[in-house]
Each structure stands twice: as C-alpha cells, then as structure tokens.
Protein chains: 2
Amino acid sequence: MPKPTPASDALDSVQLGAYFALMDVAGLLRHAVEQQLRDEGDLSYVQFQLLARLALDSPTGSERMTDLADGVVYSRSGLTYQAGLLEKAGLVVRAPSPDDERSVTVTVTDAGRAVIARVIPGHVEVLRQQLFAPLSGAKVQELGDLLAPVRDHMRSAPPRSAGARRKR
Amino acid sequence: MPKPTPASDALDSVQLGAYFALMDVAGLLRHAVEQQLRDEGDLSYVQFQLLARLALDSPTGSERMTDLADGVVYSRSGLTYQAGLLEKAGLVVRAPSPDDERSVTVTVTDAGRAVIARVIPGHVEVLRQQLFAPLSGAKVQELGDLLAPVRDHMRSAPPRSAGARRKR
DNA sequence: CGTGAGTGCTTCGAATTCGAAGCATGATGA
DNA sequence: TCATCATGCTTCGAATTCGAAGCACTCACG
C-alpha cells in the first residue's frame, strides 16, 4: 500500500494556501498601486519601478539597460519600449556607455526625480491602506524575512525567461 | 527637533523591504510558472487559473463570468477574450444562465479537466523548486497565515479597478 | 591583425491587456 | 404598467508585452 502522500506528487493545503495568497495579494496590490500611479503621475508600474530604481537606489542616477531589466524582472525589448517612453517624456536620458560602446546608460533627469517625489506620498498611502493596514509592525518584519530568501533563491536559479542565450 | 520619522510620511526600511520582496517574488514566480505552463500545456497563467478554478474549486465545474473575473483579479473584457480562446480550444463551454438571461455560465469540459491534470505535476514541481525550496514547512504556514488576512482586507476594500460602476 | 563567439540593445510582428462605450436583460418604484 | 436605473457581458481601439531575429560592438585566440 502506498504512503498517504508521496511527497513529490501533490501540494498540501498549507502550501496551496500560501501560493494563492501570495499571488492574489501581489496581483491586487499591483492593481491598486497602478491606479494611483496613473492618476497622480501618469506612470505605469514598470515606469515607476525604473524611475525609483534610478532616482533612489542608484548613487549616480544611472544604470545599464540590462541591469535595469534584470532588476525589474522585465524583458529587454519591453525595457527598450518603456525607456523610449520615459525619454520622450523627458524623465530619463539615454547615452551610449563610455567604456563599452554597445551598452546604453540610462540616467534620470531632474524632471524624473521630480515626478518620483510627487508620486511617492500617494504611493506610500496606498501601501499603508492596502498592504500594511492588516499587519502589525512585527508581522511586516516577518513577512520581509520570509520572502527575502525566496527572492534570492529565485534570482540565482536559472528559470529567468530572458536568461543567458542558449548555447547552440 | 523633529521625531525621526513622522509616521505618515515615509515607509521604514522594513516595510519597503517587505513590499519589494513581495512584488519581486510574485513577479519571478509568475514568470517561472508561466513558462512551464506554456511548455507543457499551451496555457497562459490566466487560463490555468481559470481552468483550475473551474475544475478544482467548483463543485459543478461552472461559474458566472463575473465571478470568475473577480476571483482571478482580471478585467471583464480580458476574461471575455480568454474565455473565447478556451472555448475555441474546447476546454470550456459557454452558455447563457438559465435563471438570469444576462449572465453567461462557463463550464469546464472533460478535455479541460484533462489539460489541468496533465499540467499540474509540472506546475507543482516548479513551485517546489522556486517557492518552497528555501522555506521550511513551518515557514510556509507562517507565510500563508500572514498573507491570507491581507488578501481578505484588499478584496473587501474598494480600490478594485473594475469596481462598481461609478454613480454619475 | 582577423576571424568567430559572446554580449547589449533595438526592431519587428503577434498576442494580450485594459477601459470606455454599447447592447441586452433584470429590478425598482411611481 | 412603464420609465429608469442597475447588472452582465461583449466589442472596440489603444497601449503594452514578449520572443525571435537583426545589428553593432567587444573579446579571445590563432
């Protein structure tokens, strides 16, 4: 007689619950955030991520296209498109990298920083109401501690869609 | 001298960490899952969600379009499109609801159930490797417990994009 | 030097997504 | 009963997304 549940066949209900809760929360949160960004800053979520990364995370305000794409979990062609929009709007500037003629360096402009600054308060407000309201401070901490290792694990594991070009 | 951080202005680093970790993990996981579904069953993530909901969660194998859209966090027009594809592929059937002539009832076919059954093992495998590998059983439980209330909170709070039609 | 493989970005076409507007059916209340 | 509002879904056009293919540049090695 086989064991009740051969650990490699089905997920138990706890796992399923965590999986669906995770995906649902992320989906709902993204919708909420997207709407606020659209209303207050005419930005898509991706554009916000890009600007925020450049304006807040990067000391120089610049990054290579590829690094941006990887950081934001996004296809390269999609990034080209969005960077084009941001450039047309005057929020970033693109220039060929000095040291490597192939790569393009994207840099936030002052206008870009201004947009981020304008949008942030409302963004934070949405997060508070939607994500943090039902969680105590300690639970927020727990959540971060739980998910950070998962992210690191996933980023190191290959299954990235835009991964290394396949050897032929 | 002002307080270190006026609680209504910025998020602390713990909150930011949790927020970004959540969104990153969900994004990465979705990519991984999407690829597996495409490879093994020619399904998009949304199509999988729809089929799974009908085949596994619904006693009758049927649901109204609107309930499906709400359950899956999806626009109504998008659902119409995807339901059309699934119907063309023979995985679901659409029929006007008996009691309310306006609404359409979607029902999985045997072929639909077969596809789900075929895809599930690989799906589970991806989840194991990507999401659950770095988490102990207890932590999976914690994660679910943390996120379930958040989901409920968000689902009840209005900011759904396809929310109630605005009063004029 | 040259050639070939590897990397970085863009262009292209196809598929998906959304919201607004439209159409049809149901519910409400004067 | 009939007008009016509400609800359920679809159609439409515009915007976004992706992967494949292409172009340009860099690096390694003979």
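Arg64(B) stands opposite Thr105(B), which lies in β3(B), a strand in the sense of a DSSP run (E, at least two residues; helices are runs of H or I of at least four residues, and both kinds are numbered from the N terminus). This is a predicted model, in which local features need pLDDT of at least 70, side-chain atom pairs count only at pLDDT 80 or more, and totals for chains, interfaces and linings use all residues. Residues are numbered from 1 along each chain as its sequence is written, while chains are lettered from A and ligands numbered from 1 in the order in which they are written.

**Strands of chain B**
- Strand β1 (residues 62-64) of chain B pairs with strand β3 (residues 104-108) of chain B in the antiparallel sense over three bridges, where pairing requires that DSSP finds at least two bridges between the strands.
- Strand β2 (residues 92-96) of chain B runs antiparallel to β3(B) and is joined to it by five bridges, and Arg94(B) has Val106(B) in β3(B) as its bridge partner.

**Contact between the chains**
- Chain A and chain B each give 47 residues to the contact, which counts residues whose C-beta atoms, placed from the backbone, lie within 7 Å.
- On the side of chain B that touches chain A, the elements that give two or more residues are α1 (13-41), α5 (110-132) and α6 (137-156) of chain B, and α1(B) supplies the largest share, 17 residues.
- Of the interface residues of chain B, 98% are also interface residues in chain A, so the copies meet through the same surface.

Note on methods. Contact = placed C-beta atoms within 7 Å.
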